[in-house]
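Dear colleague,

I am handing over the structure we spoke about, and I would be glad if you could look through it alongside the notes in this message.

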Amino acid sequence: QVQLVESGGGLVQPGGSLNLSCVASGTIFRIYTMEWHRQTPGNERALLASITSGGTVRYSDSAEGRFTISREDAKNTVFLQMNSLKPEDTAFYYCDALITEYGAGPLLKMWGQGTQVTVSS
């Protein structure tokens with residue numbers, strides 16, 4: 001069973017920074033694209049950033065210039081460095097990953113449980 005666990009959320013003042021981590025564990029053959037999303041109450045989950053297994057990154061308009069996605073494949077981990085945080089960045093942040101559990105296995109999209117980020121003075 002593959003699990004993704006996020007960490008690094010919390011309370012931060014406007015203008016501050018946080019570095020979120022998401023670790024995948026379990027039976028993993030290969031991890032392909034990894035992503036970060038966020039969700040606020042009453043709204044749909046929104047994609048912030050993605051990174052392919054080859055290192056190609058993409059950002060949403062809200063993340064471009066302030067957030068940086070990276071990954072450390074040896075540790076099955078994806079990071080989201082968030083700088084210049086604003087109150088409107090307050091949300092629950094989720095990671096997801098496309099994974100195969102074995103060589104010829106199907107692609108599985110796995111989600112973490114999320115971590116709360118609150119930006120407030």
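Below are the findings on a disulfide and on one threonine. Please keep in mind throughout that this is a predicted model.

A search of the whole structure turns up one disulfide, and the cysteines that it joins are C22 and C95, with an S to S distance of 1.9 Å. The pair connects distant parts of the chain, since C22 belongs to strand β3 (residues 18-25) while C95 belongs to strand β9 (residues 91-100), and the two cysteines are 73 residues apart. As for its geometry, the link of C22 and C95 is right-handed, with 50° about the S-S bond. C22 has a relative accessible area of 0% and is therefore buried, and C95 is likewise buried, with a relative accessible area of 0%.

The other site is T115, which is found in strand β11 (residues 115-119). T115 has a relative accessibility of 11%, and because the cut-off for buried is under 20%, T115 counts as buried. A polar atom of the T115 side chain lies 3.3 Å from the backbone nitrogen of G9.

Technical notes: Residues numbered from 1 in each chain as written. Predicted model: local features only at pLDDT ≥ 70, side-chain atom pairs only at ≥ 80, totals over all residues. Heavy atoms only, no water. Disulfide = S-S within 2.5 Å. Helix = DSSP H or I, 4+ residues; strand = E, 2+ residues; numbered from the N terminus. Buried < 20%, exposed > 50% of the residue type's maximum accessible area, 1.4 Å probe, protein only. Polar contact = N/O pair within 3.5 Å; in protein donor to acceptor, adjacent residues only side chain to side chain.
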